[in-house]
Amino acid sequence: MNQYRTHTCGALREEHVGQTVKLSGWVDTIRDHGGVTFIDLRDQFGITQIVLHDENSVRQISKESVITVSGPVKKRNAETVNARIKTGTIEVHSESVVMQSKAVRALPFEISESKNTREEVRLKNRFLDLRNPAVKENILLRAKIISFLRTGMQELGFTEFQTPILTSSSPEGARDYLVPSRKHHGKFYALPQAPQIFKQLLMVSGFDRYFQIAPCFRDEDSRADRSPGEFYQLDFEMSFAGQEDVFGTAEKVLYDTFKAFSGKEVSPAPFRRITYADSMLKYGTDKPDLRNPLIIEDLTEFFADADFAPFKNIPVRGIKAPGAAKQSKSFFERMLAYATEIGMKGLGYISVQEDGSLKGPIVKFLSEEKQGELRKNLSLQNNDTLFFIADSPKAVNGLAGQIRTALGTQLNLTNKNKFEFCFIVDFPMYGINEETGVIEFTHNPFSMPQGGLESLETKNPLDILAWQYDIVCNGVELSSGAVRNHLPEVMVKAFEIAGYTQANIENKFPALFNAFHYGAPPHAGMAPGIDRIVMLLAEEENIREVTALPMNSNAQDLLMEAPCEVTEQQLREVHIRIRQKN
């Protein structure tokens, strides 16, 4: 018998009545009823009510102390049954109480109310925050999901690998975390931004299917759906595979996972494929939330010959909002205020009245013929409202996307009871850096261009598409991936267009470039983000709620007080001198 317990605090039921049991846990609440004291004893598995009659024992007990209690299980009176907990029909009458560890400091917050406490206080005392069952449940859910993903990948024939944490610095889009070397003066390791090169090398090594629950380290600014510092991916790669092979694996694993851990509807395979160009035009983003049925229409050509100067010679987008014409005046005022807030000069609209006529500030600038054309082309019905977004080519899609999201929310059109997946495909291989004006990679630099070497040699770089793709769920990017380039001549030309010489490649990616000269299989993969998967399934808005020991938004570990200063001796050992800050 375990010396601390015969059962957990969530295990006892009416069938245990009459048994003498031993429980251990934290004191959740203490209720003195005059001569009889009730304690709710809590552990990871639940809560059991303890009845104490010994006043001397009670005086020694404080909330959050750890105690061991022994005594018989008894059935509660009907009027004291607690239907909210699984052990609510029984209680344990204590015959013995052993103090294992007393809580002697004042609690910085009530455990049950920790989610309503300032994040700074929560993270500083994360070990207390995690005692809250609502917080703990997210972390337990995360463990179950990872186990499920691991089993799913193994059943699909993937082999689990572990790749190095100390590696070389690599230009992969974000800042590296650097680790100075003691043995090699003036040289540094870097923490991997992703296992990208390692998994490609494993494919070249002849392994067929790789996966890893991979830690990734990037010195990036925090967002609600992005942790600063460290995050985890379900990283996988496949030899002799193309885009559709990767999609098939992702569809199977993600569908099964979301179906297993949610009661919501999940879009079945095959997930929709949407080109990057269509996504930017129709949804105003490359992370579309398809639960929102609204579609953005390109009205640039329509207004090219219309007599409305503000829409001349600039891109114009329209969003048809069914039934919006019946909304109150305050709805249109809210939408205008939001449009101004995101940087628009205004938000024009046309509404279809009950009698079929059009009403709105723009109508007078449209001929009867143009009005009819608009109604026909967009299938406008009575009580529909058509909103207009006009701006520079650079801004118009993003602004339209934000208005689309706001309309979906304001009109309650977005289906909150569904997980809607899609793949975004056909990303441009290159783009223009807005600050420098030079051509750069827009996605993964190790991707295969569509058309291979011929497209690199003959096409305008800005017209080249890559075999790159993202998977998106409910407006959240879960993963990026690509069919990888596996040919050294393609690698040289692709990087040359982005301003790298072959010497640069051999210096920055020596292992991969060398390996490609010894026969490399075609291969492809992707890496869904585990933190974001759990965040969606836990229905949390912030990724820190599904991470056991997270940093704050300023990349600080408040619990361990990192980053921290180190001693002069430690600095000397790794050959570093700290410069004074200017």
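Analyst: Accessible areas here come from the Shrake-Rupley method with a 1.4 Å probe, and for residues only the protein chains shown count as cover. The model is predicted: local features need pLDDT of at least 70, side-chain atom pairs count only at pLDDT 80 or more, and totals for chains, interfaces and linings use all residues. Residues are numbered from 1 along each chain as its sequence is written, and side-chain values use heavy atoms, leaving out hydrogens and water.

User: What is the accessible surface of the protein chain?

Analyst: About 29700 Å². Carbon and sulfur atoms hold 49% of that surface. The C-alpha atoms fill a box of roughly 90 × 75 × 55 Å along the principal axes.

User: Which strand order does the open sheet of 8 strands have?

Analyst: Strands of a sheet pair through backbone hydrogen bonds, either parallel or antiparallel. Strands (E, at least two residues) and helices (H or I, at least four) are DSSP runs numbered from the N terminus; two strands pair if DSSP finds at least two bridges between them. The order is β7-β10-β11-β25-β24-β23-β20-β13, with mixed pairing. β7 (159-160) and β13 (272-275) are the edge strands, each pairing on one side only. Inside the sheet, β23 (468-473) and β24 (476-483) run antiparallel, joined by 6 bridges. Gln468 has Ala482 in β24 as its bridge partner.

User: Which strands does helix α16 lie across?

Analyst: α16 (530-537) lies across β10, β11, β23 and β24, at about 145° to β24. Helix α4 (133-155) lies across β7, β10 and β11, at about 145° to β10. Axes are lines fitted to C-alpha atoms, for helices over the stretch in contact (heavy atoms within 4.5 Å). Angles run from 0 to 180 degrees between N-to-C directions.

User: Which residues touch the most other members in the largest nonpolar core?

Analyst: A nonpolar core is a set of buried Ala, Val, Leu, Ile, Met, Phe, Trp, Tyr and Cys residues joined through side-chain atoms within 4.5 Å. The largest has 65 residues; Phe236, Phe258, Phe421, Tyr430, Ile471, Leu478 and Met491 touch the most other members. A second, separate core of 21 residues includes Ile296 and Phe387.

User: Is Asn485 buried or exposed?

Analyst: Asn485 is buried, at 4% relative accessible area. Asn485 lies in the loop between β24 and α13 (488-497). The Asn485 side chain reaches the backbone nitrogen of Leu487 at 3.0 Å. Beyond four places in sequence, Asn485 touches residues including Gln200, Phe446, Met491 and His523.

Notes. Buried means under 20% relative accessible area, exposed over 50%, partly exposed in between (1.4 Å probe, protein chains only). A polar contact is a pair of N or O atoms within 3.5 Å; within protein, one must be able to donate a hydrogen and the other to accept it, and residues adjacent in sequence count only if both atoms are side-chain atoms.
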